[in-house]
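Please keep the sequence and the model in view while reading.

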Amino acid sequence: MGESRQELLAWVNGLLQLNITKVEQCGTGAALCQIYDSIFLDVPMSRVRFNVNTEYGYLENFKILSNTFRKHHVDRPLHVEQLVKCKMQDNLEFLQFTKRYWDQYYPGGDYDAVGRRKGAGAGATPSAPPAARPAAAAANSGARRPMAAGATATPRTTSRQTGGGPASSALQQKNAELMETVQGLERERDFYFSKLRDIELLIQQAMEAEPSLEEDEGSLLKQIQTILYSTEEGFEIPQEAETEAAGEEETF
């Protein structure tokens, strides 16, 4: 049996200097990323988002955690689809595993959790899921070790002064916000495209294994394939885009 919920919450809050009130909050992925950063000290914490409250944002955090698991050969499947639903039992079991792994591999010393989070654009506490979702959010205080050299973000300074005053600053801020929005939309587009590409490949493999499915217009696979290849009237897929899609396969 692993630690209780109260013991795990006390441990997480002590190690990361957070104020998590429920194990379900670990479903955002943010606190989990930083727990493993306390072990390996190479998780890109500047990309971990603590204030997200959408499932897509949680998936981005778990993508970072998945890369860390592969890099360090952590022998534990990441059932992301279950964890991001912020259900208590799924997150409790994974947090219990994480605590056992931390007990075994944490190298000791001080861990500067707040310093490692600087520059991440994140608040001190992982966001709870939207009200429409199930209630979510994630003892002994963990030992800490010094922050790695160069980990603290430094403020960016401009090489020259701009002459627009407050109006110019407001425009620059608005432009930065728009750029961030565009980048988020591009990531979301790529994420859903990879899902559709996976479906397309599965259909192609099934039809190659059973050629008769290609001729059966009423089969479920053929209908799904028709939907995948349909386009809006007047829209044509550029030839280079088709070639690129055929040669690439994205993975989570």
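In what follows, contact means that heavy atoms lie within 4.5 Å. The model is predicted, and its chain holds ten helices and zero strands. Of the 252 residues in the chain, 37% count as buried.

**Helix H1 and its surroundings**

- Helix H1 covers residues 5-16.
- At 1.5 Å a residue, the twelve residues of H1 should span 16 Å, and this agrees with its end C-alpha atoms, which are 16 Å apart.
- Leu8, Leu9, Trp11, Val12, Asn13, Gly14, Leu15 and Leu16 are the buried residues of H1.
- The cover over these buried residues includes H2, helix H5 (88-105) and helix H6 (113-117).
- Glutamine 17 follows H1 and has a positive phi, near 55°.

**How H1 packs against H2**

- H1 and helix H2 (residues 30-40) pack at an angle of about 65°, and their axes are 11 Å apart.
- Angles of 65 to 115 degrees count as roughly perpendicular, and H1 and H2 are therefore roughly perpendicular to each other.
- The crossing in which H1 passes H2 is left-handed.

**Residues at the H1–H2 contact**

- On the H1 side, Trp11, Val12, Leu15 and Leu16 take part, and they meet Ala31, Gln34, Ile35 and Ser38 of H2.
- The residues of this contact comprise six nonpolar, two polar and no charged.
- An α-helix has 3.6 residues a turn, so residues three or four places apart point the same way.

Key
Residues are numbered from 1 along each chain as its sequence is written. This is a predicted model: local features need pLDDT of at least 70, side-chain atom pairs count only at pLDDT 80 or more; totals for chains, interfaces and linings use all residues. Side-chain values use heavy atoms; hydrogens and water are left out. Axes are lines fitted to C-alpha atoms, for helices over the stretch in contact, and angles run from 0 to 180 degrees between N-to-C directions. Helices (H or I, at least four residues) and strands (E, at least two) are DSSP runs, numbered from the N terminus. Angles under 35 degrees count as roughly parallel, over 145 as roughly antiparallel, 65 to 115 as roughly perpendicular and the rest as oblique. A crossing is left-handed if the near helix is turned anticlockwise from the far one by less than a right angle, and right-handed if clockwise. Ala, Val, Leu, Ile, Met, Phe, Trp, Tyr, Cys and Pro count as nonpolar, Asp, Glu, Lys and Arg as charged, and the others, Gly among them, as polar. The expected span of a helix is 1.5 Å times one less than its number of residues. Buried means under 20% relative accessible area, exposed over 50%, partly exposed in between (1.4 Å probe, protein chains only).
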